Structure formats: structure tokens, C-alpha cells
Amino acid sequence: MRKTIVAIIAAACTLGMNAQKGVTVHGSVQSDILFPEEDYKIGTETYKDDVLTNTYANLGLFSNYVDAGVRVEYLEHPLPGFEPDFKGWGVPNVFVKGKYKGWEITAGDFYEQFGNGFILRTYEERSLGVDNSIRGGRLKVDALRGFRFTALGGVQRVFWDWNTHSQVYGANLEFDANEYCRWMRDNAITWTFGASYVLKHERNEDILVSGTNNKLNLPQNVSAFDIRTHFYSKGFDLQLEYAWKSQDPSADNNYTYARGTAFMISTSYSKPGMSFFLQAKRSDNMAYRSRRSQSLSAAFINSLPPFAYQHTYALAAMYPYATQMAPGEYALQGAFAYSFKRGTAMGGKYGTKFKLNASYICGIDRDLVSENKAELPGTDWYVPHSEGIGDIYYTDINLQMEKRVTRDFNLNLMYMFQKYNKTVVEGHGGMINSNIFVAEGKYKFSKKLTLRAELQYLQTHDDQKDWCYGLAELSVAPYLMFTVSDQWNHGDTHLHYYMGAITGTYKGSRLMVSYGRTRAGYNCSGGVCRYVPASRGFQIAYTYNF
């Protein structure tokens, strides 16, 4: 199979190169390597291998009419924290794409997203071990003014296998109203509409009703619909999206036959010196996988945004929120930013910027009326009699200040209050209430020499109690950067998680060599999280782009 696909790519590329000039070749190499050392104080694993690595290599050929690409992955000795099925090596991604006058056809492996991803989002996130690409075919049409159409079908990747007993099909149509309204174009107004449909066809599995020998009557076809609109005019932005999913009993919802829904409204406004946004979401039973018995992060067809601020500071990101796909959640997020002008009392000589961010996420509290359905043996339909706000899952309120104090010195300050329901997100631990303080300073000695430092403090009476964090980073532009940091728990464990690193960049290459400890915790991106166990040792991270 691999040889056949590679041969198809080679033939397509040869055809494209013979037909025209201007063929370009691009690619990349990424390798993250750990030489692990056991450290009983922080609870590292007992390692069987002396070297652990996640290594990827991409090669792509691009032209006016034909594109082709291939990716090789070596994950035979993966870094700590990845699922056992993540282990392996091979060529999991290969594609050929033909393009001509608004028509585009792809054969092979590809990624796609409809709208905000409520019913379809396939993507790669290497830090999380997520790659749910689709292997099959895709057609994109942008030949008719104002309209964009996509149709696709195939099987989904799950680690080093593909869900061949399940197929995913989808179609998406988008329409730009301003293409047919000159008044809208003259006033820089855009208004788009979109509609999507996704079908999962999955063969039945032998799943028994709890406590009996009866098998569940599982639907082979699960449909999902999505409609949305996006309006923009003179700094004002409004998005509305609604999704619906048919009965989809799975491991995520304990094999109940409830339908799924999701609704989102997002609005924002910006002008020089000021901006705000406010968005709300209600999602219920929207876990959508190509294999219903799959668990963890594998086989998801869709994705829901987390509606929680994505922090980059170490202690602010210690308790990240993961979207609760099933049973569901209410989520509200808002932000306001304002810049005080130079020469004012608050702005000072160089101006001052303030940002206020807030997130509130909770469960759905239902008063249920239960009805036993004979045609769905062993399951209970639930009919909401009334519905309200459930338990708090996550709350985050943070205020940030960015100020240029002198010509060479910049100061950032942040205070954050956070409530994190560890039981809901991680399965244990109760509610964690914390106050987090951050100070970051950057001083520019010259055009080439810059020093950046961070001091962070997390105060809580819960979990492992208080934490401190310090970092110093010296940049020698444009090639070198030296970093030292320490994350210290002075509440329960009194452990230090020290780290030192040297980073070099030259043209398309970037190399980082580091040594130290990594704290056990969760790494999250886009509402999807992966548990990372504690580790210690030398680390090498290398990337090369050409």
C-alpha cells in the first residue's frame, strides 16, 4: 500500500514538472530527544530505553497545478506520556493534490475543518500526540463567484492504524453575500453564511447492556449538521453557529441515546486603543468519534473550543482546562483591552495597555424524566424537565498590564484568580482555588543583547499548595539564547524543578539543548490535553525548514 501511494506521488510530481516550470520543494525535520534519568524524588518512570525521541520529516513538491507531499515519522521510542499505541514508525501521511481554475482534488491523507470544528476538525498537534487525519478523497470548488464548496470521504487515522470499519463523509458550503452587493463592498462589510453535513458510517460492535447478555442496538449511521454566519463591519465582528448530532451511543456518554447539540455566539469590536470580545457556548453530548468504543484523545471527528484563556506563563498554565465534550457544558468568555495614550496620567511617557480577561465554565444541571425505550435495549432516554446551571468546572479572571517604562525597559504585570475543578477535568482532586501573580521585565542593552526575566507566584490552600517560579533569559541576536529557570513547590513537596537551556538559530535551523527536571502535569492546546509525567535528563530539540 505504501509503495503504491508513493509511486502515485512520484508519477504525479513527474507529470507536473514535465508540464511546467516553477516547481518548488519544501520540507522540514523535527526531532525532540530525551536522554532520561530516573529521579525517585519527582516520581519519574522506570525507563527501558536510554534514548527517547519523537522525530518527523516532511517533504512536499508544489507547482501551479500539482502538489504532492509525504511525511515520515519515527516514534518507536516515544517521549514520556504518550499512549502505548502512539509507538511505531512509518509513512502515515502522503497526498497528491491537483488544482485548476478554482477546482482542487486531493487523494491521500488530508486535514479539514468545517466552521469552528463543531462537527468536523481533523488536525495534527504533535505536542499532544494528536493526528486524526482522513485518508481518502476531497474535492474543493471555488469556481463560482461567492461560493465555496467542499466534499470529502475516507477513513480516519488512529495512531498507526485507520478505522477501516468506519467511514467519514462530509460536505460544506459557504457563501459570501458581499460578492453580490456592491454597497457592502464599498463599505468594507463582509457577511458569510455556511452549512455543513458530516456522516459517520460505523459497523456494529458487540457491546452488552450492563448486567445482561443483551447486545446494544447501535446505529450504523450517525449524522451531524452545522449552520453558521459571520458578519463584519468597521471593527464590529459577530459569529453565530449551531450544530446538531443524531443518536450516537459511545464510551464517552456511557452508551446513552441522547442527541447532541452545540450553540455559540461570539461578538467583538476593536478600534485604535480599545477592543473587546464576548462569547458564549452551550454544548451537550457532542463527543463525535469514528469509533464509539475509543477513549482518550483518539478518533475524534470534531473539536470544541475551550472558551478559556490560553496562558503562556508557567504557573498560570499549571491548571489548564480541557473541554468537556460529554456530557456537556455552559461556557462564557470575555476580554477587554484599553491603551492609555502617551502623555496622560496613566499612559506616562510611552503609554500603558491594560487587558482584562474572564472565563466561566460550568456543567448542565438537569431535572430528568426517564423513559425506558424497548427498541433500544438496556438504555434510558432522558427528557429534560427543566435545566439550569450546574457545578463550576473552571473560572479564570486575570488583569494584565503592559508598560514601557523607559526606552530600553518593558514591564508586564498580571494578577489572576482561578477556580479549577480537578475532579471534573482529571477525575480526582476536588476544587482548586488559586491566586497567581506574575511580573515580567525585558531590558535591551543593545541591538543584539536583551535580558528577559520572570517572577511568578501561585498561592493556594489546595492540591500541593504554593508554588514559585523564576526565569532569566539572555538573547544574543540573532543566533543565541541562554535560559535558566526554577519551579519550586514550597507548599507540600518542597521540590525544585530546575532547567537550563541553550538555543541556537541559523537560517532554517533551530537547536535547543537543555538539562533539568519537568514537573508532572497536563499539556493542553485548544481544549485537548495530554498528561505529561515527571522527567529528568538531557533534552535536544531540533527543527530544520527548507
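**Labels and their grounds**

User: What makes Glu 112 and Lys 140 a salt bridge?

Analyst: Their side chains meet at 3.1 Å, N to O. Glu 112 sits in the loop between strand 5 and strand 6, and Lys 140 in strand 8, 28 residues apart, so the pair links distant parts of the chain. A salt bridge needs a side-chain nitrogen of Lys or Arg within 4 Å of a carboxyl oxygen of Asp or Glu. The 3.1 Å value is within 4 Å, so the label holds. In general, side chains of opposite charge can pair when their charged atoms come close.

User: What are the ground rules behind such values?

Analyst: This is a predicted model, where local features need pLDDT of at least 70 and side-chain atom pairs count only at pLDDT 80 or more, while totals for chains, interfaces and linings use all residues. Residues are numbered from 1 along each chain as its sequence is written, and side-chain values use heavy atoms, with hydrogens and water left out.

User: Why is Lys 140 called partly exposed?

Analyst: Buried means under 20% relative accessible area, exposed means over 50%, and partly exposed lies in between (1.4 Å probe, protein chains only). Lys 140 has 25% relative accessibility, so it falls in the middle class. Glu 112 is at 9%, which is under 20%, so it is buried.

User: Which salt bridge does Arg 138 make?

Analyst: Arg 138 meets Glu 112 at 3.0 Å, N to O. Arg 138 belongs to strand 8 (residues 134–141) and Glu 112 to the loop between strand 5 (103–110) and strand 6, so parts 26 residues apart in sequence are tied together. Arg 138 is buried too, at 9% relative accessible area.

User: How do you know that the pair Glu 202 and Arg 292 is a salt bridge?

Analyst: The distance is 3.6 Å, N to O. Glu 202 in strand 12 (residues 189–202) is 90 residues from Arg 292, which lies in the loop between strand 16 (274–284) and strand 17 (328–340). The 3.6 Å value is within the cut-off, so the pair counts. Glu 202 has 0% relative accessibility and is buried. Arg 292 is buried at 0% as well.

User: How many salt bridges does the structure hold, and which residues are linked in a network?

Analyst: The structure holds 35 salt bridges. The network includes Arg 71, Glu 73, Glu 124, Arg 126, Asp 131 and Arg 157.

User: What makes a space a cavity and not a pocket?

Analyst: On a 1 Å grid over the protein atoms alone, a cavity is a set of points where a 1.4 Å probe fits but cannot get out; a pocket is an open set with protein on both sides within 12 Å along at least five of seven lines, and lining residues have an atom within 4 Å of a point. Grid points are joined across faces, edges and corners, and a volume is the space filled by probe spheres set on the points. Two cavities here reach 30 Å³ or more.

User: What lines the largest cavity?

Analyst: Its lining has 18 residues, with Phe 86, Gly 129, Val 130, Asp 131 and Phe 159 nearest the centre. Strand 3 (66–75), strand 6 (124–125), strand 7 (130–131) and strand 9 (147–158) each give two or more residues. The volume is about 180 Å³. Helices (H or I, at least four residues) and strands (E, at least two) are DSSP runs, numbered from the N terminus.

User: Which residues lie nearest the centre of the second largest pocket?

Analyst: They are Leu 296, Ser 297, Phe 300, Val 528 and Cys 529, out of 30 lining residues. Helix 3 (422–426) and strand 28 (528–532) give two or more residues each. Strand 28 gives the most, with four. The volume is about 760 Å³.

User: How many residues of the chain are buried, as a percentage?

Analyst: Buried residues are 44% of the 546 in the chain.
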